[in-house]
Amino acid sequence: MDMKTKIDFLIDRVRKQNPSADVEKIRLAYECAAAAHEGQKRKNGDPYIIHPVSVAEIIVEMGLDTDSICAGLLHDCMEDTDFQYDQIQEKFGTSVADLVDGVTRLGRLHYSKEQEQMEDLRKMLIAMAKDIRVILIKLADRLHNMRTIQFMKEEKQRSKSLETMEIYAPIAHRLGMQKIKWELEDLSLQRLDPVGYKEIVEGLARQQNENEEMLERIKQTISKKLDDSGIKNSISARVKHIYSIYRKMYAQNKSIDEIYDICAVRVIVESVADCYNVLGYVHDLYKPIPGRFKDYISTPKPNGYRSLHTTVIGRSGVPFEVQIRTEEMHKMAEYGVAAHWKYKQGIDKNSSEETYAWIRQLLESQQDTEAEDFIKAIKVDLFSDEVFVFTPKGDVVNMPAGATPIDFAYGIHSAVGNRMTGCKINGHIAPIDYTLQNGDIVEIITSKETHGPKRDWLKMIKTSEARNKIKQWFKKECREENIEQGREELDRELRSSLLYSHFMEKPEIQENVLKKFGYPSLQELYAAIGYGGITVTKVLNKVKDEVIRARKAESERHPLTTPPQHAKSDSGVIVEDIGNCKVKFARCCTPIPGDDIIGYITRGYGVSVHRKDCVNVKNSSPEDRDRWIKVSWDENHIEVKERFSTALQISTTDRMGVMNEVLQILSNNHINVRDFSGKTLSEGFGIINIVIDVTGLSQLDALTKKLRSIKGIINVVRQST
Ligand code: MN
């Protein structure tokens, strides 16, 4: 078939899958790729363009979107031709250009063959991809390369096959793409153990007639039973893929003729209930082998695979496996993550957010520990909390996102960190607070002459390992400096919280604080703050507790002698007895000016202000009694412009109809909306939750009145959870 026909075929197929697909874009991508690769040949002498077109075909089969198909056609342009990112972006948009760029960058990764590196490499691959489609395109690329691998040098065949077996097949597996995984495994095995592979192929050929006859008989028996029972079904039967037989042979140390369980029958039905019904019929027809029934419908596999499995013994005494699932489960089993695009085609075009929500859901439903690491790795891509970099020798090092070369240096050894004077990223000098990116090669420059780490490094690092090692160094190396630094820091904080005189002038308070943290003297406490052994906040909170306790004891001895202090506050709230301190508004009840309020001295961050009618106030535990303090709105100091967030819950008889009107009223009144969500309850009733910014209670009351007047609204209440 010539290229033109091939691409027409491909476009026809896309049209069938998704009538609204932009096929002209695909044709243009083909023309650009064909022009760019003009004159290039593959190893077997074919024009190069055959490869990208075949990759695009695989992508179409997976059911991916138009952009992925275009990227598949263009995937080798950036590496091998003059058609570069900017031109791709100009002609096909940023999304296609980014996909091609992602695939190109994965291709440049270099693999070391050490076993323990493989898991990290898999993760790194995912992490670098940023977009799951890049991985899927890369899998298609690899699959076609493996299908045509016979034209490569033998050594290359082996190394590519090893890479495929160790990295790409497991990725396909974990993304639930069974079909591609199987093919990749069989193609790799063929190069990695040609003798073993041949043994199985020949063994299967010998048994072929027998197996086919048996499978045909089973198919007919089951399908007759199901037809009689009125269950719509489609049954297929096959011999399992070669690598799975290979693994069984080696695990059980048996030859192909001693392995029985190599046939599988698949029954596809319309509903989950039918799956279980079919299982019952199959167990009526054949004797099940105990312990081999697996219910992946109620407990899906970590990669999202759902099906019922059972192994039964056929009439001739040969066991075979039966898999029972619905059509939807089947598509998921074949195409995994990619099946998502298959379903969504033509429904909704531009909601990558939803796509990620879906994948996230898939990943979060994965439970076993083997998959856990992988989930983390995918999250790197979706939620970016990890980054993978290389040492100059090519070892992969895993760091938290945002880590700097300093973290990297201390990760190697504290001596490397302590002697660090600079760093190179990908061969170029870079600042030591550079944020590491996936795939960076990091080289640390050290010198024996240096005076050790700098204090501000503590603000640049991400890992606790680096933090501990730097603190260790300071603790040992510069006591005087630590004491000075610690004293300064603590004094400053005490003064700004108006606690300085309490702490310095009341020996009892000071003693209790030192005793609580186990420091023999004030000097030691300063030193600890200086090298980072304890945070100032922690000390400050303890001082606060002690001051309150002392004041209470005092007032019990001499009631009513000390009038409450008043001080003004930046937050618009006066905290009596303490004065100006950090104030935050409780999220549970979101108080606004005008509400009756009360304060709670938190263990970490100043005073948290609640509404007096908040459930958390009512349900507060008796131990916390002393922490509740009087607070009040500082009406004189609240600026006119200032806004306070608060949450409302609106109950309605008809959520969909009302939502717009609510938004309309909010916008007419120039109210900033921070959050807006709704859910439908039974029988058309619904709840809308909003978070808005208001000046105070009077504005809120007026607004509430307007909202209540909307037809269909039952009630509007402040939220307090
Ligand atoms: Mn390629």
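Biologist: Why is arginine 27 called partly exposed?

Modeller: Its relative accessible area is 22%. Buried means under 20%, exposed over 50%, and partly exposed in between (1.4 Å probe, protein chains only). So 22% puts arginine 27 in the partly exposed class. This is a predicted model: local features need pLDDT of at least 70, side-chain atom pairs need 80 or more, and totals for chains, interfaces and linings use all residues. Residues are numbered from 1 along each chain as its sequence is written, and side-chain values use heavy atoms, without hydrogens or water.

Biologist: What makes arginine 27 and aspartate 8 a salt bridge?

Modeller: The N to O distance is 3.1 Å. The rule asks for a side-chain nitrogen of Lys or Arg within 4 Å of a carboxyl oxygen of Asp or Glu, so the pair qualifies. Arginine 27 sits in helix 2 and aspartate 8 in helix 1, so the bridge ties together parts 19 residues apart in sequence. Helices here are DSSP runs (H or I, at least four residues), and strands are E runs of at least two, numbered from the N terminus. Aspartate 8, at 33%, is partly exposed.

Biologist: Which residue does arginine 718 bridge to?

Modeller: Aspartate 595, with the closest N and O atoms 2.6 Å apart. Arginine 718 lies in strand 21, and aspartate 595 in the loop between strand 13 and strand 14, 123 residues away.

Biologist: Is aspartate 595 buried or exposed?

Modeller: Buried, at 10% relative accessibility.

Biologist: How do you know that the crossing of helix 9 and helix 11 has a hand, and which is it?

Modeller: The crossing is left-handed. That means the near helix is turned anticlockwise from the far one by less than a right angle; clockwise would be right-handed. The packing angle is about 35 degrees, with axes 10 Å apart. Axes are lines fitted to C-alpha atoms over the stretch in contact, and angles run from 0 to 180 degrees between N-to-C directions.

Biologist: How many salt bridges does the whole structure have?

Modeller: The search finds 22. One network links Lys542, Glu546 and Arg549.
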